[in-house]
Amino acid sequence: MHNTASIVDTLTEAEVLRLREDFPILQTEVNGHPLVYLDSGATAQRPLAVLDAERDYLLNLNAAVHRGAHTLAAEATDAFEDARETLARFVGADADEIVWTSNATEAVNLVAYSLSNASAGRGGAEADRLRLAEGDEIVTTEMEHHANLIPWQELAARTGATLRVIPLDDEGALRMEEAARLIGPRTRIVAVTHVSNVLGVVNPIEDVIALAREVGAMVLLDACQSAPHLPLDLHALDVDFAVLSGHKMLGPTGIGALYGRRELLEAMPPFLTGGSMITTVTTTEAAYLPPPQRFEAGTQRVSQAIALAAAVRYLERVGMPRIAAHEAELGSRLVDGLAAIDGVRVLGSGIARPRVGLASFDVAGIHAHDVGQILDDEGIAVRVGHHCAQPLHRRLGITASTRASTYLYTTRDEVDAVIAGVARAIDFFRRR
Amino acid sequence: MSSSDLNGLYQELILDHSRAPYGYGLREPIAAQSHQLNPTCGDEITLQMHRAPDGTIEAVAWEGHGCAISQASASLFAELVEGMPEDEVIRRIDAFREAMRSRGRIEPDPELLGDATALGGVSKYVARVKCAMLAWVAAEDALRKG
């Protein structure tokens, strides 16, 4: 999968400029300068096709889904389920393995709380194999986004299981020899990110998955930073769960998804309970629908799901292999350009792995906030802070970094602009 | 914003204070102390208010890490309130907060805030107000705790 970047044509400058016309916000000015948006790792901009799809749905089809029998309700339900199908196809899954959530954070929590509920005896005999107790282990890594760490800390605390953390080397790479040592017969679930939201490095997840398979542990993949930027085939990867974020892949906020292997979802007790996820309800108990509806309690984010499907179709039209090639090129340009500046340390630049178009860096003697302020003055939007990954920053001996992240609409000139901007920021603080 | 605004934000005095901060380094015995954290960026400060026997603030001692604005602000605060009675310190914290929250509408009063008026430019940058306030909030909390 990582090799696609080298054998596929990247996007031409003319193509990128054409794509940019679909994103009106990219034509705006900030602080008197044309916006240079390099914060797509936090949230991507949305093309008109996505905004139009949401509006069209609301103008023509809006109704409550999976309830009511009128024509509009039936059509809305079809559109909602079609969106599920579209996303499933995009990530190499089947539609009934995709559960809509509010965001990726909720998707991780859904799994953690479902396992927790199973551990408390919910879900009957089918859920027995999902129970966690003292002596069981949950494995995650030191580079995770807090959303793929804290839910596991809490699950461990609730069940008595132990949380083990795969450490990083001095560059920030996963120490695979430690992973091999930590993932063992007690391991029940391994939660790992596909692409680090700080380092932009594609992790050797095939190796992590193989280690988990050997001991019969489940694997949850955080695909928030991979699904928007790389071709993704969850069935081929053979993971048990994956979490996705809509707004990082040209879609709206308020929508994410959980992928779950069918037989696991079928065995899992629900997390949120209420309307739309039941078959029979009495005043004392309820029976639940099969997945994915079992995990979709309450009114769903219908227009958001439909807009996310439009985002997926937009990405498919451009082509994920070509987007990946474009961003691999921008990523290298970004890392090389930043690393060449005296006093700049690009985090993870020494890791010999494929990367997406994302780089975080530390400037000696200048805090990330101050670097970001100078860039912002020139209309360049980057992320500053710990990027919800405090343990990773602590491991690398810093508390904050500056992050530039690209997408399909990012030009080489924009990458060059942030590199020049960082050099100017250093000059601004050093010369005075 | 233009670079003249940037020069206003990062005045010479602010950069000087951030490079050679006043009052840096915690002391024994532990005085009224507060630890404050800006969870969005990870900036941290531990600040002590050392009282003289007559109740005035004999010294402010602090340690922390963060951007130039937060470091300079702690330094300027430490310099400003040394030797002041506690109620005067509170008056200054209130005046500073009012100016910081004004989105550039209220110029900090030099009578009350001295060199800390150099931080006036921060109030136009809403995202940075918390950076400037960190030490002052820590001081207020330390005094409240006694």
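Hi everyone. In this structure, 14 residues of chain A are in contact with 24 residues of chain B. Keep in mind as we go that this is a predicted model.

Let's begin with the interface. The two chains bury about 1,600 Å² between them, and carbon and sulfur atoms give 49% of that area. For those of you who like electrostatics, the rule finds one salt bridge across the interface. A:D370 and B:R128 make it through their side chains, at 3.0 Å from N to O. There are also eight residue pairs in polar contact between chain A and chain B, both partners at pLDDT 80 or more.

So which elements of chain A give two or more residues to the side that touches chain B? They are α13, residues 368–377, and α15, residues 412–430. Of the elements, α13(A) gives the most, with five residues. By type, this side of chain A divides into four nonpolar, seven polar and three charged residues.

Now please turn to the sheet in chain A. It is open and has four strands, in the order β13-β14-β17-β16, with antiparallel pairing. At the edges sit β13 (344–346) and β16 (383–385) of chain A, each pairing on one side only. On average, neighbouring strands are turned by 30 degrees against each other, ignoring direction.

Looking at one pair in detail, β13(A) and β14(A), residues 358–363, are joined over three bridges. There, A:V346 stands opposite A:F361 of β14(A).

Finally, back to α15(A): this helix lies across β13, β14 and β17 (401–405) of chain A, running at about 10 degrees to β14(A). Thanks, everyone!

Notes: Residues are numbered from 1 along each chain as its sequence is written. Chains are lettered from A and ligands numbered from 1 in the order in which they are written. This is a predicted model: local features need pLDDT of at least 70, side-chain atom pairs count only at pLDDT 80 or more; totals for chains, interfaces and linings use all residues. Side-chain values use heavy atoms; hydrogens and water are left out. Contact means heavy atoms within 4.5 Å. Buried area is the accessible area (1.4 Å probe) that two parts lose on being put together, summed over both. A salt bridge is a side-chain nitrogen of Lys or Arg within 4 Å of a carboxyl oxygen of Asp or Glu. A polar contact is a pair of N or O atoms within 3.5 Å; within protein, one must be able to donate a hydrogen and the other to accept it, and residues adjacent in sequence count only if both atoms are side-chain atoms. Ala, Val, Leu, Ile, Met, Phe, Trp, Tyr, Cys and Pro count as nonpolar, Asp, Glu, Lys and Arg as charged, and the others, Gly among them, as polar. Two strands pair if DSSP finds at least two bridges between them. Axes are lines fitted to C-alpha atoms, for helices over the stretch in contact, and angles run from 0 to 180 degrees between N-to-C directions.
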